[in-house]
Amino acid sequence: MANLRKNDLESPDRRAVVYWLILVLLLLLALLPSYRITPAIPDDALLNLWWSISFSASKYGLVWVGLLIALLIEPGWKKTPVLLLPVLLLIGTGAWLNEHVIKPAIAEPRPSVSFLASAAAGPVLEEGVDAFYALPDKSSRSEYLARQLAEESRLRLPPLLREHWIEETGYSFPSGHAFAATALASWFMFVILSAGKRLWLLPVLWGWGAAVAYSRIMLGVHRPEDILAGAVEGVLLVAVVLSLAWRSLDPLISRRE
């Protein structure tokens with residue numbers, strides 16, 4: 001890929017932009033079949049797989065995934081901060097807005113909570129979804145749900161899934177995991193195309209982002225529309241930041257002979 005002209009650093013390489021747009025469009029299109037999925041409680045092997053994939057995009061796993069990708073793109077630690085810190089800051093800001101502004105404003109219950117309030121689950125949450133979300137905060141809801149699941153003898157959930165549902169008692173729309181995974185994948189896809197190396201990482205990033213999105217559906221904590229909204233949010237936020245900050249970032253991440 002040709003280097004940018006020195007007097008034209010404010011505009012990213014056009015081919016990199018086109019390729020990036022194609023890749024993120026494919027990533028979003030890969031999520032459309034999620035509408036045909038009917039989640040069921042997975043067996044232990046699949047449950048462990050989906051949970052592990054989901055964990056990789058959590059606040060605990062995302063840093064390590066990002067660090068690994070940054071080191072694969074640019075071995076050594078010299079460029080790691082500039083490759084990783086901006087996108088982590090971006091994701092952290094977006095995640096805070098999701099959790100404290102967007103999700104409470106839309107107030108969409110999680111599918112797992114709706115299921116536990118249904119007759120098919122006992123119901124575990126006899127007071128219903130509205131009463132459950134009327135509890136003051138996530139920690140209060142998690143404590144209450146843990147007590148209810150401990151007392152309910154008719155519903156048998158795998159221990160890992162039970163603990164995950166107890167932890168995930170916030171609102172559903174949009175998906176924070178899909179947002180974080182798509183934002184990280186979009187950022188590094190653009191970095192790779194701009195640097196003109198490690199192109200083999202592109203399908204890895206693309207596949208990981210899609211797998212994270214599907215894992216949230218398979219674990220019963222998100223609906224397809226939550227996933228699509230989070231993914232679009234992640235792509236748009238990265239696109240805006242890259243368009244505004246390219247002059248500063250390009251000399252640092254583009255290939256230089």
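In the predicted model, the loop between helix 4 (80–106) and helix 5 (111–116) contains Ala107. This residue adopts a positive phi of about 55° although it is not a glycine. Ala107 counts as partly exposed because its relative accessibility is 33%, a value that lies between the 20% limit for buried and the 50% limit for exposed residues.

A positive phi in a residue other than glycine also occurs at Arg198, where the angle is near 60°. Arg198 belongs to the loop between helix 9 and helix 10. With a relative accessibility of 28%, Arg198 is likewise classed as partly exposed.

The loop between helix 8 and helix 9 holds Pro174. The peptide bond leading from Phe173 to Pro174 is cis, and its omega is near -5°.

Helix 2 comprises 12 residues, 44–55. The distance from its first C-alpha to its last is 16 Å, close to the 16 Å expected at 1.5 Å a residue. Within helix 2, the buried residues are Leu47, Trp50, Ile53 and Ser54. These residues lie on the same side of helix 2, because they cover an arc of only 135° around the axis. The face turned away from this buried side carries Asp44 and Ala45, both of which are exposed. The packing partners of the buried residues of helix 2 are helix 8 (159–167), helix 9 (176–195) and helix 10 (201–218).

Technical notes. Residues are numbered from 1 along each chain as its sequence is written. This is a predicted model: local features need pLDDT of at least 70, side-chain atom pairs count only at pLDDT 80 or more; totals for chains, interfaces and linings use all residues. Side-chain values use heavy atoms; hydrogens and water are left out. Helices (H or I, at least four residues) and strands (E, at least two) are DSSP runs, numbered from the N terminus. The expected span of a helix is 1.5 Å times one less than its number of residues. Buried means under 20% relative accessible area, exposed over 50%, partly exposed in between (1.4 Å probe, protein chains only). The arc is that of the directions from the helix axis to the C-beta atoms. Contact means heavy atoms within 4.5 Å.
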